[in-house]
Amino acid sequence: MKVTFLGTGTSQGIPVIGSMHPVCLSSNPKDKRLRVSVLIEWDNYAYVIDCGPDFRQQMLRAECHKIDGIIFTHEHADHTAGIDDIRPYFFRQGDIPIYAHKRVLGELERRFDYIFETENKYPGAPGVIKNEVKNESFKLGNLSVMPISGMHYKLQVFGYRFGDFAYLTDMKTIEEHELNKLQNLQVLVLNALREGEHISHFNLNEALEIIDWLQPKRAYLTHISHLLGFHDEVQQKLPDNVYLAYDNLQITL
Ligand SMILES: [Zn+2]
Ligand SMILES: [Zn+2]
């Protein structure tokens with residue numbers, strides 16, 4: 001399995017438009033973060049988790065020629081706003097399967113009604129195949145995927161476990177019976193916004209506590225705000241098996 005971090009930034013991305021914060025002005029490529037998403041590839045399959053406003057640029061950058069589906073964590077715009085840009089895949093492959101909680105499918109239908117139109121649909125509009133994710137494992141290609149449910153303040157969000165790899169973002173709280181689905185991981189990806197408290201995201205300490213409790217072989221932090229600091233400085237402060245993810249990072253497992 002190969003995982004490519006397509007984006008590792010929080011909702012505004014880094015740099016933030018118009019910001020004079022030193023991290024936003026950094027020339028280190030690791031301090032430039034598009035909105036969060038990962039590309040997961042195994043055998044001949046390629047799936048992306050979330051489809052934010054940087055989707056087009058991310059798929060060009062990753063030279064991704066086809067996708068087998070998009071799996072959504074939740075409906076926030078930084079995770080969904082790029083769905084119109086699946087058009088090149090749709091033109092080549094036909095309707096693209098999407099996987100999401102029933103509530104998220106409903107939100108997508110409301111915001112992107114023209115994509116879900118059945119009568120008088122504009123021929124250039126992309127098409128999707130809806131797949132509802134419940135809190136039970138489901139098949140993607142030849143792999144069984146386990147949803148992990150958590151809370152993003154008052155909004156339910158899904159993370160996903162693919163074999164020994166798990167990806168959780170935009171979580172603030174997670175119950176123990178859901179955390180127990182994350183035992184014996186090779187790689188855990190978890191959101192860590194900044195050092196300061198936040199109402200709807202784990203801060204750095206909260207993320208490190210969960211990593212310490214779960215003891216995956218390696219952990220990567222994502223959905224990062226410029227307020228967390230410079231990549232290279234933050235990395236030096238992290239425990240041995242914990243890494244700050246950055247855009248274009250690829251891991252194999
Ligand atoms: Zn987000
Ligand atoms: Zn969110």
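Tutor: Let us begin with residue classes: Ala, Val, Leu, Ile, Met, Phe, Trp, Tyr, Cys and Pro count as nonpolar, Asp, Glu, Lys and Arg as charged, and the others, Gly among them, as polar. Please keep in mind that this is a predicted model.

Student: How many nonpolar, polar and charged residues does the lining of the largest pocket have?

Tutor: The lining comprises six nonpolar residues, one polar residue and four charged residues. The residues concerned are F55, R56, M59, L60, E63, C64, H65, D85, P88, Y89 and R92.

Student: How is such a space found, and how much of it lies in the largest pocket?

Tutor: In general, a probe the size of a water molecule is rolled over the atoms, and this shows where empty space is left. Here the largest pocket holds about 220 Å³ of space.

Student: Which elements give two or more residues to its lining?

Tutor: They are α2 (55-61) and α4 (87-93). Helix α2 gives the most, with four residues.

Student: Let us turn to the metals. Which residues coordinate the zinc ion (ligand 1)?

Tutor: One looks for N, O and S atoms within 2.8 Å of the metal. For the zinc ion (ligand 1), these come from D78 (OD), H79 (NE2), D170 (OD) and H223 (NE2), at 2.1 to 2.2 Å. Along the chain, the donors follow the spacing D-H-x90-D-x52-H.

Student: Why is the arrangement around the zinc ion (ligand 1) irregular?

Tutor: Four donors count as tetrahedral if all angles lie between 85 and 135 degrees. The four donor atoms here subtend angles of 93 to 164 degrees, and the arrangement is therefore irregular. As to position in the fold, D78 lies in helix α3 (residues 77-80) and H223 in the loop between β12 (218-222) and α9 (231-237), so the pair ties together parts that are 145 residues apart in sequence.

Student: Are D78 and H223 buried or exposed?

Tutor: Both D78 and H223 are buried.

Student: What coordinates the zinc ion (ligand 2)?

Tutor: Its donors are H74 (NE2), H76 (ND1), H152 (NE2) and D170 (OD), at 2.2 to 2.3 Å. This site is also irregular, with angles of 91 to 173 degrees among its four donor atoms. In sequence, the donor residues are spaced H-x1-H-x75-H-x17-D.

Student: Which residue bridges the zinc ion (ligand 2) and the zinc ion (ligand 1)?

Tutor: D170 bridges them, and the two ions lie 3.4 Å apart.

Student: Why does H74 count as buried?

Tutor: Buried means under 20% relative accessible area. H74 counts as buried because its relative accessibility is 0%. H76, with a relative accessible area of 33%, is partly exposed.

Methods. Residues numbered from 1 in each chain as written. Chains lettered and ligands numbered in written order. Predicted model: local features only at pLDDT ≥ 70, side-chain atom pairs only at ≥ 80, totals over all residues. Heavy atoms only, no water. Donors = N, O, S within 2.8 Å, 3.2 Å for Na, K, Ca; no water. Tetrahedral: all angles 85-135°; square planar, octahedral: opposite > 155°, others 65-115°. Buried < 20%, exposed > 50% of the residue type's maximum accessible area, 1.4 Å probe, protein only. 1 Å grid on protein atoms, 1.4 Å probe; cavity = no way out; pocket = protein on both sides within 12 Å on 5 of 7 lines; lining within 4 Å. Points joined across faces, edges and corners; volume = space filled by probe spheres on them.
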